[in-house]
Amino acid sequence: MVHFLHPGFMCRALYIPDPKKDPLGFSVVKVSTGTGAGTRTSAGRRVPGQPASRRTPCGDPCGFVWPTCDWTFTSAKEEASPYSLVNICLNVLIANLEKLCFERSDGTLCLPEHWSFPQELAHRFLEVMTWQGMLTDRTASIFQGNQMKLKLVNIQKAKISTAAFLKAFCHHKLIALNATAVHTGLPVPDILSGLCSNSWIQQNLQCLQLDSTNIPPDSRLLSFGQLTGLRILSVFNVCFHSEDLANVTLLPKLESLDISNTLVTDISALLTCKDQLKSLTMHYLKCLTMTKPQILTVIRELKYLLHLDISNHRQLRSDLAFHLLQQKNILPDVVSLDISGGICITDEAVELFIRQRPAMHFVGLLATDAGYSDFFTTKQGLRVAGGARMSQISEALSQYRNRSCFMKEALYRLLAQTFSIQVTMPAILKLVAVGMRNHPLDLPVQFTASACALNLTRQYLARRMPVRLLLEVTCLFFKALKNFPHYQQLQKNCLLFLTNSRILVDVPFDRLDAAKFVMGWLGKHENPKMQAMAVSITSILALQLSPVQTVQLKEELFKAVKALLAIVKQKTTENLDDVTFLFTLKALWNLTDESPAACKYFIENDGLAIFIQVLETFSESAIQNKVLGLLNNIAEIRGLSSKLVTEDVLKHISVLLHSEEIEVSFFAAGIIAHLTSDKQPWISGDLQRSVLLQNLYTTVQNWPNSSCKMTALVTYRSFRAFFPLLGNFSQPQGQLWALWALCHVCSQNPRKYCKMLVDEEGLQLLCDIQEHSEADSQAKQIATSILDDFRVHFMNYQRLPLC
């Protein structure tokens, strides 16, 4: 039996974000599942050449269309919508691969022979598998053969070997491969060798992403030269040398190149492809040995560049961008320029540069002194990734989602902007979530992002946030806690986040994980404010945990009960019945519901003595309810109920049975009904038992109609504890109390409890009472009333045999 009541924790309807009231929050657009030629910006403009599926980093005009999955940028409205049927089906398929597939002799899986996937669906199937971490040597073999004809392969962070890669993917007619951060078992040389083993791929592969992919130290020159159809190459954060660059620039169709954070020391080789290169990204080229004039000379020759990224870490204090802005007749066709992190950059210099190139639609100015002029807000069609205002911060979070140095900077700026925010911004929160997900081991990113998430979801702001988005952020909080278990400030942010009623009630996160974290905090920290939050969260999570999950808590449960009892004892000694005290009583009540382990821990830690002290110290009915509710939970457990048959316990229960507050009297009566149902503990006190039963019978008869309202909201997870009482015709007093309780909850919430009666096969017991010749007349009357209410409730749904 469980008690749970809090005025703020009521079920709420889902509020769809209003884009008119939240233009910045709605700036992330819905992605396409097709192969559109562009994407719309927050202003509704279509950027030529950009993929519909996701923006390419920093406005790269040579982007490539990738299939989309749930983790790509989606609109606030889409986040508030149900999952697509396609994704639901794919998730079910992936979860049941072992059941649906056949096993080859080598232990790998294969699909049934008659199965065939449309190409777009095959792409999404692969990407969802990759995202969920399900792409392994055993499962990658599904893509062998011709049941799926892949063109776009995304295996980011997959843990597969070279052999599995060759067998699964290199026979397909690939035009794009994203192998970002794949496991070390699949190094870059093996990827290139596998791709070049297919003559069709050699001529037709257009896009290759190898960011953060391993290259063994003893590797020779990387052999990109055979991939003659390659248009787009990204080797960000790879051991890529100047010699490799010279080899790559010989590719006849190369248009877009990302050599950020590589070991390149000399970019002069770029002159080889100066007449075809349209996009060049060289963020954080820390090993460059060329002088600034030499670098600018090379850039000046790249006359057909549409996008240039020479951003750098602020700490390096690079002034290359400053000198570039002073140049005349340089980059005449550029439409996108990223100079974030540069020093000595002024609004005047950037404005002049852009005015001379009116077609520019993007400039990166984060971590610079520029971006504050009105020009950057009035220039139509210009996107600015900066830190001067919210629109710039939003753009920065989007553009720099894979760069931790700029993600930190953007989050710092966002944090300052969100302290006084009054508007719900789901798309901004989505960008924060992307930053947390992409940089799970970066503590500054995780901590600052968690603080931003708190500001964006505090109190009423969370009510208009889509549940899916709140679930994603909640899961990322727990992931951060696992990665940084000893960082208290991050833990505090998580506790603060969980205190939000919208999140605790409506978001379907893993309650067991949350309970382990919160209960772990209870026993370790004594900060009063944090302790109050942990206690309040525990009281709610305890209600949401199933009995099976409560058993799984084990050590956490023991420590939680001990810590909560310590709080009760301290507050009682201080005669302080504050909010923390009430939540602590509630937490203990809910934790012991249908949990023999929690009840046992309660008794072992002197809980009975502490609760007797509570009853002797406080006379408020709200406190008495909670104390008696917990004792009811213990009384329901046959192996522990005898522990309550003591002089002190029975004395207080006998008095409270006659309380004028019906809630107090109800709980006291329940304890007596359960304790007296077992005669064994009363062998030497049968007279006392008889007196209690008589008082119980008289009290229940004097209660008002069972459909009356109670101040306290009584809820039950199960009726099974009532069944022994209902079937015991030799003790009509306990039977009468159980019937009154059933009738009360069924009249208050028939939808839940009438169904529970059916599911737990309790209807037959009521029918037995109705027909039993020796049953108490009032008991028969209440049983008949419950069955009548049951018929009324279900007559419009289905016909169920009652008796």
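**Close-up views of the predicted model**

**View 1. Ser 212 in its loop.** With a relative accessible area of 31%, Ser 212 is partly exposed. Buried here means under 20% relative accessible area, exposed means over 50%, and partly exposed lies in between (1.4 Å probe, protein chains only). The loop that holds Ser 212 runs between β8 (207–209) and β9 (232–234). Ser 212 is not a glycine, yet its phi is positive, at about 55 degrees.

This is a predicted model, where local features need pLDDT of at least 70 and side-chain atom pairs count only at pLDDT 80 or more, while totals for chains, interfaces and linings use all residues. Residues are numbered from 1 along each chain as its sequence is written, and side-chain values use heavy atoms, with hydrogens and water left out.

**View 2. The whole chain.** The chain contains 36 helices and 16 strands. Both are DSSP runs numbered from the N terminus: helices are H or I with at least four residues, strands are E with at least two. Of its 803 residues, 57% count as buried. The accessible surface comes to about 33,700 Å², and 53% of that belongs to carbon and sulfur atoms. Accessible areas come from the Shrake-Rupley method with a 1.4 Å probe; for residues, only the protein chains shown count as cover. Among contacts between residues at least 6 apart in sequence, 70% join residues at least 24 apart. A contact means heavy atoms within 4.5 Å.

View 3. Ten strands form an open sheet with parallel pairing, in the order β6-β7-β8-β9-β10-β11-β12-β13-β14-β15. Edge strands β6 (152–154) and β15 (383–385) each have a single partner strand, so one side of each is left without a neighbour in the sheet. The twist averages 5 degrees from one strand to the next. Axes are lines fitted to C-alpha atoms, for helices over the stretch in contact; angles run from 0 to 180 degrees between N-to-C directions. Strand β14 (residues 362–364) pairs with β15 in the parallel sense over three bridges. Two strands pair if DSSP finds at least two bridges between them. Val 363 stands opposite Val 384 in β15.

**View 4. Two sides of helix α2.** Asn 87, Leu 90, Leu 93 and Ile 94 are buried in α2 (residues 85–95). They cover an arc of only 125 degrees around the axis, which puts them on the same side of α2. The arc is that of the directions from the helix axis to the C-beta atoms. An α-helix has 3.6 residues a turn, so residues three or four places apart point the same way. Leu 85 and Ala 95 are exposed on the other side of α2. The cover over the buried residues includes α3 (97–100) and α4 (119–131).

View 5. Which helix holds Lys 571? Lys 571 lies in α24 (residues 555–573). Its relative accessibility is 11%, so Lys 571 counts as buried. The side chains of Lys 571 and Asp 578 make a polar contact at 2.9 Å. A polar contact is a pair of N or O atoms within 3.5 Å; within protein, one must be able to donate a hydrogen and the other to accept it, and residues adjacent in sequence count only if both atoms are side-chain atoms. Not counting residues up to four places away in sequence, Lys 571 touches Leu 576, Asp 578, Thr 580, Phe 581 and Phe 618.

**View 6. Glu 594 and Glu 660 in loops.** Glu 594 lies in the loop between α25 (579–591) and α26 (596–604). Its phi is positive, at about 50 degrees, although Glu 594 is not a glycine. Glu 660 sits in the loop between α29 (647–656) and α30 (662–676). At 82% relative accessibility, Glu 660 is exposed.
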